Amino acid sequence: MTSSPASSPRGARPTMKDVAAAAGVGLKTVSRVVNGESGVTPEMAARVRTAIEALGFRRNDSARLLRTGRTASVALLLEDISDPFSSALSRAVEQVAAAEGCLLFTGSSAEDPDRERELALAFCARRVDGLVVVPAGDDHRYLLPEIESGTPVVFLDRPGTGIDADAVLSDNAGGARAGTAHLIAHGHRRIGFVGDLPTIHTAAERARGYREAMAAAGLPVDERWVDCGPTDRTRVAAAVHRLTTGPDAVTALFTANNRVTLAALHHLPADRRPALVGFDDLELADLLTPALTVVAQDPVALGALAARRLFDRLAGESTAPARLEIPTLLIPRGSGETPPGGH
């Protein structure tokens with residue numbers, strides 16, 4: 001049995017030659033239609049598209065790379081794609097990439113610096129046009145050769161270290177300052193802070209904001225009120241129990257990210273329940289009793305700004321790298337407005 005002129009051998013991908021034969025047009029006409037170029041009549045373009053659909057032809061982007069040096073793809077390296085905050089970042093970056101006609105590849109570092117480096121360099125080896133990176137490590141000089149060879153890098157949520165590159169961040173210190181000041185305004189003087197590892201940029205900035213708010217109100221910070229470390233429930237549960245029980249218990253807590261807040265909510269004392277403000281909004285936070293007061297970030301704005309910055313660089317923007325900050329928003333819902341001694 002022989003194949004018809006309009007088909008390809010079994011197992012072979014259809015080529016532009018196959019499309020040209022099926023449509024009864026020249027190869028240049030097919031190329032123009034495939035690449036969105038002008039100079040083809042609507043009737044002829046329709047014939048070419050019909051042949052493309054019938055054959056299942058797909059453009060060879062490897063050939064496109066050889067011609068243009070661009071893959072029409074960018075990569076996003078997150079901490080943990082299952083985290084709601086990371087998911088919102090990814091969706092925002094993908095929307096901007098799609099509007100630019102680019103594919104987005106995504107990977108998760110799981111907060112492991114070695115995994116971050118491995119993934120970032122793997123993406124670069126596959127010739128992505130640019131990288132958006134939520135850093136896990138504290139030394140990003142391994143990206144210098146990539147940047148020098150023309151691959152732009154934008155850091156997201158945290159700045160890169162050891163490298164001069166664009167960074168798009170939330171106002172972490174300002175948000176924590178506002179959340180702590182909110183508790184102070186409702187009469188609290190003994191305010192505990194439960195945070196992430198202090199080596200993480202966002203954690204350190206939020207701890208700074210907490211201390212600045214206390215200092216601005218003329219309140220001392222007893223170091224026993226500050227508990228920073230891993231965000232696992234066991235550690236957070238121990239911190240919450242220590243801070244909220246005994247004769248020297250705090251009357252309010254500031255929890256410095258969504259994982260800490262969720263763990264803390266499971267272990268708040270039933271009696272003498274402290275006021276609580278959390279950094280990061282949570283799904284269903286308004287359905288809790290009392291509803292959760294939060295300092296909300298805007299992951300959609302963060303992701304979109306980082307992606308736009310990357311595409312500006314790809315378009316030739318050559319200004320000095322900048323650190324761009326997105327404001328946070330305090331959302332009072334009830335848990336942060338409980339007075340000292342309230343329930």
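Me: Which residues lie nearest the centre of the largest pocket, and how many residues line the pocket?

Reply: The largest pocket is lined by 14 residues, and Pro84, Asn258, Asp281, Leu282 and Glu283 lie nearest its centre. Helix 5 and helix 11 are the elements that give two or more residues to this lining. The model is predicted: local features need pLDDT of at least 70 and side-chain atom pairs pLDDT 80 or more, while totals for chains, interfaces and linings use all residues. Residues are numbered from 1 along each chain as its sequence is written, and side-chain values use heavy atoms, without hydrogens and water.

Me: Why is Asp280 called buried?

Reply: Buried means under 20% relative accessible area, exposed over 50%, and partly exposed in between (1.4 Å probe, protein chains only). Asp280 has a relative accessible area of 7%, and therefore counts as buried. Asp280 is placed in the loop between strand 9 and strand 10.

Me: Why does Ser90 count as buried?

Reply: Ser90 has 11% relative accessibility, so the term buried applies to Ser90 as well. Ser90 belongs to helix 5 (residues 84–99); helices (H or I, at least four residues) and strands (E, at least two) are DSSP runs, numbered from the N terminus. Beyond neighbours within four places in sequence, Ser90 is in contact (heavy atoms within 4.5 Å) with Leu76, Leu78, Leu104 and Thr106.

Me: Which backbone atom lies 3.1 Å from a polar side-chain atom of Asp280?

Reply: That atom is the backbone nitrogen of Asn258. Leaving aside neighbours within four places in sequence, the contacts of Asp280 include Arg206, Asn257 and Asn258.

Me: What makes strand 6 and strand 7 a pair?

Reply: Two strands pair if DSSP finds at least two bridges between them. Three bridges join strand 6 (residues 191–195) to strand 7, and the two run parallel. Phe193 has Val226 of strand 7 as its bridge partner.

Notes
A polar contact is a pair of N or O atoms within 3.5 Å; within protein, one must be able to donate a hydrogen and the other to accept it, and residues adjacent in sequence count only if both atoms are side-chain atoms. On a 1 Å grid over the protein atoms alone, a cavity is a set of points where a 1.4 Å probe fits but cannot get out, and a pocket is an open set with protein on both sides within 12 Å along at least five of seven lines; lining residues have an atom within 4 Å of a point.
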